[in-house]
Each structure stands twice: as structure tokens, then as C-alpha cells.
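Biologist: Can you put the model up? I'd like to go through a few spots with you.
Modeller: Here it is.

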Amino acid sequence: MTNKYVYDFKEGSKEMKELLGGKGANLAEMSNEGFPVPPGFTITTEACIRFFNEGEILWDDLKKEIQFQLENLEKTIGKSFSDKSNPLLVSVRSGSVFSMPGMMDTILNLGLNDVSVEGLAKSTGNERFAYDSYRRFIQMFSDVAMEIPKVRFDHLLEKLKEEREVELDNELSAEDLKELVKQYKRVYLEEIGKEFPQEPINQLELSVIAVFKSWRNPRAVIYRKLHNISENLGTAVNIQSMVYGNMGETSGTGVAFTRNPANGENALYGEYLMNAQGEDVVAGIRTPEPISHLRDIMPDLYDEFVGYCDKLEHHYKDMQDIEFTIENGKLYVLQTRNGKRTIEAAITVATDLIEEGLITKEEAINRVDPYQLDQILHPTFDEEKLAEAHCIATGLGASPGAASGRAYFDADDVVIAKQNGEKCILVRGETSPEDIEGMVSAEGILTSRGGMTSHAAVVARGMGKCCVAGCSEAKINEEEKVMRAGGIVIKEGDYISLDGNTGKVYLGEIAKVQPTLSGNFGKFMEYVDSVRTMGVRANADTPKDAKQGLTFGAEGIGLCRTEHMFFGEERISFVRRMIMANTLEERKAALDKLLPVQRQDFYELYKAMGDRPVTVRLLDPPLHEFIPTREKDIKELAESMNISFQNLKDRIAELQETNPMLGHRGCRLAVTYPEIYRMQARAIIEAAIDIKEEGYEAILPEIMIPLVSHEKEYKYVKAEVLEEIEDVFKERNNKVNYLIGTMLEVPRAAITADKIAEEAEFFSFGTNDLTQMGFGFSRDDAGTFLSDYEEKGIFESSPFEKIDRDGIGELMKIAIKLGKEANPDIKLGICGEHGGEPSSVEFCHMLGLDYVSCSPFRIPIAKLAAAQAAI
Ligand code: ADP
Ligand code: MG
Ligand code: MG
């Protein structure tokens, strides 16, 4: 730590984010790069931390440093802070290392008081402007620094507008605003018990304290929790000389993205408002103009702005989100940062930037968050159903996706409804940071006010949540909890659907369809594939899953759970008869009925996968999972088996186990009933021969024996399977290549892996069971108490979600080391849920696995995580 706590913009750079916060570092960078940035200085994040450590006061040396920089600023600007005729005004802006939209508050026009407001009016010749600035300052200072509810001021403003019969605040006259200032000051006096502070330095110190404190306001804390941002970073405070967008019709303020943050299209994208200041654009008070209109009214300035956008994009090598202000026809840049974007946009921008030669493919790959990728791998509305749906209003497609749910008009109501298992849409005039939790709980968000950069839009995009914003056709009454749109009244609890791509709002629920890998997404995944070294397969039990896996680029099937094939209408009855059989003959008879169905399943699966490998796991779950529980089904089964109801009930009772997950399942079943696995092996091989005879020469089924704990058990089961396979070869007078191996999911197997590997051609880590048995946490019950572990900070995340590298991961390491010693050619994969979780995928890459296997929808996520791990 240094003793310097305050930096002039000229002293900083974009590399100093941690110290100066993102906003401060970029303001410094832009100042030094010659962009028109109003001068100013930054109080560091270290000062913020010290502030909290020292009882929340500003210490003397800090005050001196601020004073020094202030005098410096006065010299640069040629105005002074307490000057009554030509006052220096500043903004006080928070800014932490990570940008937190709307989380912390800004105060503008600081330095104004009853005397200097007159000076400002005279020096600018614009009295209206001066009083507009003053009333804004009083409100912002009162709200941010003194916690006086904003509505108290809003009410007065609304009332005055009504009295004057005007709609917009910029239609109020200088006299009106003077009156408003009086009223505002009265509110301040009422609320605080003191006059509004007149001394600028006093105003400034109170504001700095408020910004520091806002680091710990509950909204900011929730946001940080949500985004895993540390509490110990602190916020910087930027003090910057003001420029005025509210000086008249040649002044204004706006925000722009250098590319479209919703879809990534390479076109300037943004909004502005003339004669406006600060947050007016995003607050949804007046509806802003699209940035392209600026070209019509101020062509030169527009060109200048486009030039800055280009320069900034090249400088930062990424899409920028830029805030600007125009003062009397002169352009100022007030902020730049890497723009938040939807995952669609992230992919398109990354791909385009590679092609534009701005970044390498590795850099591009590292910029897309695999966790965020999840958002585009989810369904969209079924086009046909959509065409039939009744559109009741259209707003802005502010954040893509499709959402259906019940309308709720209050964020807290959404939270409650979600807890009751409902799907909800949050419907608001406009959202504010207080609505965060409701936004998290909602399927989608609908607002009637605000543009593409409104709070709702920005936050929803960050969360990957579908959002339709600025839907002014929908008349939303939050108090009465109704919305009127397209002649229809939507009450609380009624179903609506939102299309975040088109901005359309529909009545009722709409069916959805699965997404595909196309366009830029496809291109991006090609880059990912070119960098990745570890294979990625799908867990797929049906040809449909397999095809879904292939659309997402699966390189094979890493896990086909055969039990899922047992649940079809017809087959389940044979499965049940097989389980309930009293004799070997009866069991074989039932298995004979299952054989052709299984064979057909495998045939179709191979066909779908072409030349790609398919790993089939032999029957795994405890048998009682297939047994009917309803009386009616038990009766039916008894009849079909020609035994008495009571007899069957007794058999069922016998099958009950105290700890089924540690019971009679996996290869243990085959130790008792080898004929089950023999039937499955026969089906696997017969189907493979069928396919081979059709010309798929490369067919290579991988037969996987689950839940092995001891090499002898494995050898016994394997021998049974091999015998059956040899029989098939003889009968068919043909052969296929196949692999036989085991799932590695019991700790004992991991630490004796060398013995098992002598006879196994592959290991596939079943990390769900390995975690369950390694920790002794029952997968079915741990959910109820693992959340306590997370809450109390014992675990950062559930080991069922993210692989526990130190424990379960160590078991994997041991198994790999021993396995390779005994069988250097052994193939290694993972097929537990972890196979699609980015941090676990990274770990698998580090372990040197040949592939991960995961659900079809997570394949692109796993691929991206694998590519990032390889960089
Ligand atoms: P946020 O982090 O919420 O975006 P900012 O600190 O960027 O808050 O301030 C919000 C807005 O206030 C800016 O976009 C800009 O329009 C306005 N603003 C901030 N500082 C100044 C300034 N020095 N002159 C004019 N406008 C300013
Ligand atoms: Mg900003
Ligand atoms: Mg298992």
C-alpha cells in the first residue's frame, strides 16, 4: 500500500483498474489518449477500504490530498469551486473494479448553492439551465448522500408539471424550476432538520462518504453475491468537472455500444436525448432517440463520435459501451468500458474480431464465458405455435430468449410465487435495483418504459434472461396489478409469453423447441474445436438424444443408460416379469422378449451416430425401481404373470432395500443374474453386426460394466459377457470390434485400478457415484443439508456440481496413475454430471482424460471449457 490515495486522470491508465476502479482507470486512459474527457481525479479503492477500517470517516491527510487535486483541477479548468460568478461544478461518480450497472449512485452538478446558481446563470446566459442543474443536484445529493426518498422530489416535479399543463420536464421554465428548487430545499429541511448545505467542500465530503458507503448498500451486496465479486475490493470515487447536456437544444446526453449488445451485429447502437442530463436516457423519463438520428441533426459531431468509437474499439480490442454528453454542440466522452452483452452477441463479436484481425482465436475463445453459454442452448418458441399465438403488444427485444409464465407486478410477489413452484414474468413500468431478486426469480421481464439501455434491459442481458422493455403499448398499473394491452386485460397470475428477440408479448403459454448450432455460433464452435484437445461426447439414451447431441457437435456417446430403454409402455411389463420371475426359465423367457427391443434400440443409436463410438452401460439401477407401486398396476402385472396379487406383493416386498444406492445394483445384479447382462451384450453385438453388414465397417461398441468395486467381480461379469459375445459371433458367422471396460465410481475400484485395468480397455469415471461414495453423501438426500455447507462457507459449491478436486479428484488421479501403469493404452473418460460443468471439465483436461461426456445441451459448454483449458 502506498500513501497516495488520490490520482489525477492524467496519472492513471487502464492497467490500474484495481486501484482506480474500472471507470476511473478508463477515464485516465482516455484522457491520456487524447479523447475529450472532462478533467478530474480519482480517490482510490484503497481509500475506500481504509475508510471502512477507520470508523467510516475521512482522515485529514485524505482531505488534504483531495484539496490539493481540487486546486489543481480549478487551475486546469479556470473556474473555482466556491466562485460565485463562474463556479466549478463536478460530478461524484463511483466505480469499482467490476462495473455494476446502476448499483452505485452518481451525484451531478455538485458545487451549486443559492449564490453560485446565479453565477452559473449569468456566466452561461441561461437561467433555466442553471436552475435545472440546481434542482437535479439537490435531488441527487439528497437521495444519494442523505437517503431522502427520491419520490418526495418526484412528486413535486410531477405536481408542478401538472399545474403548468406540460408533459416533459424540459418544458418547465426557469421560473418554474426556481420554484421547484425552493420546494426541494424545503423537503431537505423537513427530512434532515438542517438547511441544504451551501459550502461546496462540505457537499463534496459528504458525497465522497456516501459513495464509499454505497459499496455496502444491500443492492450492491446482492449484486456482488450474484456475480461472485469479493466484498473487499472497495469502490473508487471519481470527481470530474461537469459538462452540461441540459444547456438547451444543441446539448444532450447519450449512451452507445460500438456493436449491437443483443446480437453482436457490427453497427453502432445506442440512444440519446437532447437537452438532458445524466441518467435521463436510462431512467425512462423521456423516450430517447436512436443514435442514428444524431447523424441527421449534427452530422459533424456524429462523425466525430463514430471516429471515437472506432478508436476506442481498436484500443481496447473489444466492443465498447460509451457514455457521452454534448454541451452546446461540443462532444465529450464520459465513460467507456467493455460492453455487457448477451451470449449471442459475445459469440458474434468474438468471431468477428478474429476475422477483423483484432484478436487471436485463443483470445476470442477466452472471452466467452462457458457458464453463460448455457443461455443459448435452451429452447425458443415453436415457430408454428408462435404463428398461432395472440400478440397483444410489441416492445423492444431487449434481451433474447423465450419465456412464458404468470404475470406478477411486484418483484417480491415473483419471489414468493417462484418459491411456490410457479413460473413467473415480472411486469413493471420500469425496474430498479430493488427488483433484482424478483428479476432473478422471473422467467422473463416486461417493462412499459425505458429503452435498450434501461435498467431492466441491461440487467436482464447480464443475467441472460429474456426481456421485453419499453413496451409502451402495454398499460401497466402496478398498484392495481393489471396490464392492459391489445384490448385485453391481464391480471396477476394470468399467463403471458415474451419473445426477447422480437419484443413481442403474447397471451398465454407457448410451446418451445430445441435450439441448433448455426451461423456465428457454428463458426465460433469451429474455432473452439480447432483449439480443444480433449474429446466431448454426449450422454444419450435414445436416438433422439443422440441426434440432439450431434447437432451440438458430439463426437460419440459416452454414456447410454440402458435402463432408460426399459421404461417404454410395452417393455416395462417384460422388464417387470423378468424381475419377478421365480425361475431361471421364467426370467429367460422375459429376457427373450426384451432382446429384440434392445437390439432395435442399439441399432438405431449406432445408425444415428455413424462412425462415432458408442458406450453402452449395462443395467445399473436397483431392480425395485422398475416395480409398480400403484395397486392397480400390481394387479395387472399379477394377472399377466398368472400369479396371485398377494404373491406378487410379497415378492415386491422382498425386493425392498434399506440402502438401495448401496444395494443390489450395477454389476452386482449380474453376479446374481448373469443372464440379464448376457441378453444386453447379445443385443449390443447383434445390432453392431447388423449395422456392419449394412456397410458401417467402423462400428465399435464400448460395453461398460457399472459399479465395479473388485477386480474379481469385474472378471466374473466380463467372462459371462464375453461368452455370450462369442456365441453371437458363431451364430452370425461374423464379428465386430468392441471394447469392454468399466465405470470407475467406487472408491475401492479407484485405489485398486491397476488390477482392474489388466482386464479393462477403458475407464469411464462415474463421478456422481464416486462423489456419493467418496464423501458418503447420499445423492438423494444430500440436497437438504449441502446448502447449509454452502451457506456456512464450509463448501464453496456442492461437490455434486463442481468436482471436488482435492478428494474425489485425487481418487481419479490415483486410478489414472495405477490404470496406466497396468495398461498404458487404457482409454479414459468421464460420464458423470460433472462432464458438462466448466470447472470440472478444466480439471478433466488437466488429468489428461481422453474425453468428457455430458448431456447434449451441455456439449458446447464442455467444448468451450475444454478449449479454454487447452489455451
Ligand atoms: P453509472 O456508473 O451509473 O453509469 P456514472 O458515474 O457513469 O454512473 O454517471 C452516470 C451519468 O452521469 C453519466 O453517464 C453521465 O451522463 C453523467 N455524468 C457523470 N459525470 C458527468 C460529468 N462530469 N459531466 C456530465 N455528465 C456527467
Ligand atoms: Mg456510467
Ligand atoms: Mg453410477
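Biologist: How do the residues of the shell around ligand 1 divide into nonpolar, polar and charged?
Modeller: This is a predicted model. In it, the shell around ligand 1 has eight polar residues, five nonpolar and three charged.

Biologist: Which residues are the closest to ligand 1?
Modeller: Ser91, Arg93, Thr106, Gly278 and Glu323 are the closest, out of 16 residues that surround the ligand.

Biologist: And which strands supply at least two residues of that shell each?
Modeller: Those are β3 (90-96), β9 (320-327) and β10 (330-338).

Biologist: What other domains is the protein divided into?
Modeller: Besides domains 1 and 2, there is domain 3, covering 379-513, and domain 4, which is made of the pieces 532-562, 610-620 and 668-870. The centres of domain 3 and domain 4, taken over C-alpha atoms, are 41 Å apart.

Biologist: Switching to the UniProt record. Which residues does the "binding site" annotation cover?
Modeller: The UniProt entry, which is unreviewed, puts that annotation on Glu745 and Asp769. They are spread over 25 residues of sequence but cluster in space, with a largest C-alpha distance of 5.4 Å.

Biologist: Is Glu745 buried or exposed?
Modeller: Glu745 is buried, because 28 other C-beta atoms lie within 10 Å and the cut-off for buried is 20 or more. Its place is in the loop between β28 (739-744) and α29 (747-751).

Biologist: What is Glu745 in contact with, leaving aside neighbours within four places in sequence?
Modeller: Glu745 is in contact with Leu707, Gly766, Asp769 and Leu770.

Biologist: New topic, the core. Which residues touch the most other members of the largest nonpolar core?
Modeller: Ile425, Leu426, Val505 and Val852 do, in a core of 248 residues.

Biologist: Take Val505. What is Val505 in contact with, apart from neighbours within four places in sequence?
Modeller: The contacts of Val505 include Cys391, Ile392, Ala393 and Gly395, and also Leu446, Val468 and Cys471. Ala474, Ala485, Ile496 and Leu498 are among them too.

Biologist: Now Ser573. Where is Ser573 found?
Modeller: Ser573 is in helix α22, which runs over residues 571-580. With 18 C-beta neighbours inside 10 Å, Ser573 counts as partly exposed. Leaving aside neighbours within four places in sequence, Ser573 is in contact with Leu637 and Ser640.

Biologist: Which loop does Gly610 lie in?
Modeller: Gly610 lies in the loop between α23 (584-609) and β26 (614-617). Gly610 is exposed, because 12 other C-beta atoms lie within 10 Å and exposed means 12 or fewer. Its C-alpha atom is 9.5 Å from that of Ile691, 81 residues away along the chain.

Biologist: How many of the nine residues in helix α32 are buried?
Modeller: The count is zero for α32, residues 783-791, so the helix is hardly covered. Gly793, with a positive phi near 75°, follows α32.

Biologist: Last one, backbone angles. What is phi of Glu56?
Modeller: Phi of Glu56 is near 60°, a positive value in a residue other than glycine. Glu56 is in the loop between α2 (45-53) and α3 (60-77). Glu56 is exposed, with 11 other C-beta atoms within 10 Å.

Biologist: And Glu147, what phi does Glu147 have?
Modeller: Phi of Glu147 is positive, about 55°, although Glu147 is not a glycine. Glu147 sits in the loop between α5 (127-145) and α6 (150-164). With 13 other C-beta atoms within 10 Å, Glu147 is partly exposed.

How values were computed:
Residues numbered from 1 in each chain as written. Chains lettered and ligands numbered in written order. Predicted model: local features only at pLDDT ≥ 70, side-chain atom pairs only at ≥ 80, totals over all residues. Core = buried A, V, L, I, M, F, W, Y, C linked by C-beta atoms within 7 Å. Contact = placed C-beta atoms within 7 Å. Near = placed C-beta within 6 Å. Helix = DSSP H or I, 4+ residues; strand = E, 2+ residues; numbered from the N terminus. Nonpolar A, V, L, I, M, F, W, Y, C, P; charged D, E, K, R; others polar. UniProt positions renumbered as here; feature names shortened; annotations may be inferred. Domains from an automatic or database assignment.
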